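Dear colleague,

I am writing to hand over a structure that will be new to you. Please find it below, followed by an account of what was found in it.

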Amino acid sequence: MKAIRLSFWGMVTYLRRDMMLFAACLAPILVGFLFRFVIPLFEDALTDWFHVPTVISPYYGLIDILFAMLSPAMFGFVSVMVTLEENDEKTAKYLFITPLTKHGYLIARFGIPSVFALLVTVVLLPVFKLSPFPFSYIVLLAAGGTLQGIVIVLLILTLSSNKLEGMAVTKLSTLIMFGAAIPFFVKDNVQYVLSPLPSFWIGKAVFENSLFYMLPTFPLLFVWIWALLKQFLRKI
Amino acid sequence: MIQVKNLSFSYTKQPFISDMSFSVSSGEIFGFLGPSGAGKSTLQKVLIGMLTTYQGSAIVNGVECRERTKNFYENIGVDFEFSTMYEKLTAKENLRFFSSLYEKKSRPIEQLLEKAGLEHDADKRVSDYSKGMKARLNFIKALLHDPLLLCLDEPTSGLDPTNSRVMKDMILEEKAKGKTILLTTHNMQDAAELCDRVAFIVGGKICALDSPHKLIMSKGATTVTYTWMENEEHSASCPLDCLSADEQLKRLIAENRLQSIHSSEPTLNDIFMDLTGRTLL
Ligand SMILES: Nc1ncnc2c1ncn2[C@@H]1O[C@H](COP(=O)(O)OP(=O)(O)O)[C@@H](O)[C@H]1O
Ligand SMILES: [Mg+2]
């Protein structure tokens with residue numbers, strides 16, 4: 001326990017030396033402000049300008065979904081960058097043969113940040129949300145976002161073998177978030193092509209305003225995590 | 001301290017480490033000597049619990065390696081063949097962080113740095129360290145938690161003579177403290193100097209296992225070779241233990257006509273060649 005705690009704090013102090021990673025940790029708050037206070041102003045301006053009742057507001061639900069996915073993705077990205085550096089420097093290998101062990105390392109680098117991301121999302125989403133979601137939506141969106149954060153992390157880790165590749169692969173991996181946008185923009189049944197993406201069903205549930213559509217999300221997330229984790233554990 | 005019985009392991013389908021058995025007692029320096037690719041590092045990785053899919057049994061400190069828990073690592077110190085330091089942190093920050101992971105109280109960091117001759121560079125980033133400095137720093141990292149067993153992978157390879165000497169002295173100092181030390185090397189001088197016993201490893205198998213002294217003795221006696229002038233240069237040799245029977249040598253000594261004389265002990269390298277038909281490099 002002590003080793004896990006200290007190696008987690010070791011990572012946090014390490015972040016202070018890296019402006020990019022430090023900024024990534026603060027991004028949820030900055031983006032939250034932007035979403036909550038700037039977007040409605042835009043909406044007012046645009047509806048006035050075009051003399052239409054709505055421009056962006058039909059997509060407020062989607063913006064809220066993306067916000068729920070933001071903290072897990074950012075914290076995950078930060079942890080991945082730290083782990084890839086630890087992989088490059090072989091410090092991870094050394095940590096595995098201290099009382100931290102491989103298991104403790106994975107908890108310190110991915111378990112604790114995921115729990116943090118979940119808490120941060122549950123706290124920030126009610127503050128910054130644009131739609132009148134009940135609390136059940138908040139919790140489910142935060143949980144879905146967190147698990148998807150783990151999927152993104154595992155995707156980056158399995159597809160890259162050093163920090164440089166990791167940066168490149170990150171852009172690709174975050175694309176899986178945008179499955180949530182499909183139900184908003186593709187009305188045709190073609191949309192189901194992307195139904196293997198867990199985020200698709202989150203988008204569907206919010207778009208249709210029915211939690212029933214959220215059902216496939218969690219089994220799908222677990223399948224993704226299970227398959228990627230198997231690959232990843234084989235690699236380390 | 002270590003009991004290995006019928007140990008087999010492979011990364012692939014083909015057999016690699018096969019049917020090894022040996023034991024190492026407390027306070028001993030035990031060396032794995034063999035050419036690169038022989039499986040020395042692999043064997044060490046099994047013994048420190050990094051590779052757990054082996055067959056047979058490997059017991060370290062009373063614990064079967066594949067069943068290790070975190071406490072297993074309170075008493076094992078490892079120095080890999082590569083540096084394992086946070087390059088952006090200073091030496092001191094690195095040592096402080098790694099020592100904090102153990103339940104056991106850390107050895108004084110200042111003292112360890114001094115032992116390795118790094119006390120004036122303690123606040124430099126590791127990325128600014130030379131290869132020799134990194135090697136010394138990685139070695140003292142393995143000592144932080146005062147483990148009973150040290151596993152050193154090629155501790156002297158690639159070091160200049162000065163750094164290599166410092167490293168060997170630090171190793172011997174730990175032995176004097178009663179630590180058990182496992183080391184791998186392909187340098188036979190180091191093996192002969194440091195190890196109480198060595199195991200020759202080639203192709204995943206142990207070909208011989210004994211003290212360097214006994215291995216050398218097994219090769220047979222030391223020979224003496226001498227030269228003298230008689231129109232042209234002549235040379236002859238004779239086993240050291242039959243020297244008094246060599247009438248020609250006695251005569252040459254009496255007449256003070258020897259040009260050169262030297263004895264040659266077989267080296268571990270010769271023994272290694274004899275037993276395995278291969279050189280160490
Ligand atoms: N992780 C690995 N996966 C597959 N093969 C490996 C791995 N690590 C080492 N090997 C192979 O095992 C053999 C022995 O390696 P090693 O134990 O490092 O030898 P040594 O330390 O004696 O030089 C080499 O042929 C190497 O290619
Ligand atoms: Mg090796």
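Between them, chain B and chain A bury about 2200 Å², and 65% of that area lies on carbon and sulfur atoms. Within the share that chain B buries against chain A, 28% is supplied by Tyr86(B), Lys88(B) and Leu101(B), more than by any other three residues. Please note that this is a predicted model.

The interface between the chains

The contact involves 24 residues of chain B and 24 residues of chain A. Side chains of opposite charge can pair when their charged atoms come close. Between chain B and chain A the count is 2 salt bridges. In one of them, Lys88(B) pairs with Glu85(A), and the closest N and O atoms are 3.2 Å apart. Lys88(B) is also among the three residues named above for their share of the area that chain B buries against chain A.

Polar contacts were counted as well, with 6 residue pairs found between chain B and chain A, both residues being at pLDDT 80 or more. On the side of chain B that touches chain A, the elements giving two or more residues are helix 2 (91-100) and helix 4 (131-143) of chain B. Helix 2 of chain B provides the largest share of that side, with 4 residues. By residue class, the side of chain B that touches chain A divides into 14 nonpolar, 3 polar and 7 charged residues.

The surroundings of ligand 1

Which residues surround ligand 1? They are Tyr11(B), Phe16(B), Pro35(B), Ser36(B), Gly37(B), Ala38(B), Gly39(B), Lys40(B), Ser41(B) and Thr42(B). This shell divides into 4 nonpolar, 5 polar and 1 charged.

A polar backbone atom of Ala38(B) is 3.1 Å from an oxygen atom of ligand 1. For Ser41(B), a polar side-chain atom lies 2.6 Å from an oxygen atom of the ligand. In the side chain of Thr42(B), an N or O atom is 2.4 Å from an oxygen atom of ligand 1. Taken on its own, ligand 1 has 570 Å² of accessible area, of which the protein covers 56%.

Salt bridges in the whole structure

Over all chains, a search of the whole structure finds 26 salt bridges. One of these joins Lys115(B) and Glu174(B), with the closest N and O atoms 3.9 Å apart. This pair links distant parts of the chain, 59 residues apart: Lys115(B) belongs to helix 3 (residues 109-115) of chain B and Glu174(B) to helix 5 (residues 161-176) of chain B.

With kind regards

Notes
Residues are numbered from 1 along each chain as its sequence is written. Chains are lettered from A and ligands numbered from 1 in the order in which they are written. This is a predicted model: local features need pLDDT of at least 70, side-chain atom pairs count only at pLDDT 80 or more; totals for chains, interfaces and linings use all residues. Side-chain values use heavy atoms; hydrogens and water are left out. Contact means heavy atoms within 4.5 Å. Buried area is the accessible area (1.4 Å probe) that two parts lose on being put together, summed over both. A salt bridge is a side-chain nitrogen of Lys or Arg within 4 Å of a carboxyl oxygen of Asp or Glu. A polar contact is a pair of N or O atoms within 3.5 Å; within protein, one must be able to donate a hydrogen and the other to accept it, and residues adjacent in sequence count only if both atoms are side-chain atoms. Ala, Val, Leu, Ile, Met, Phe, Trp, Tyr, Cys and Pro count as nonpolar, Asp, Glu, Lys and Arg as charged, and the others, Gly among them, as polar. A residue is near a molecule or strand if one of its heavy atoms lies within 4 Å of it. Accessible areas come from the Shrake-Rupley method with a 1.4 Å probe; for residues, only the protein chains shown count as cover.
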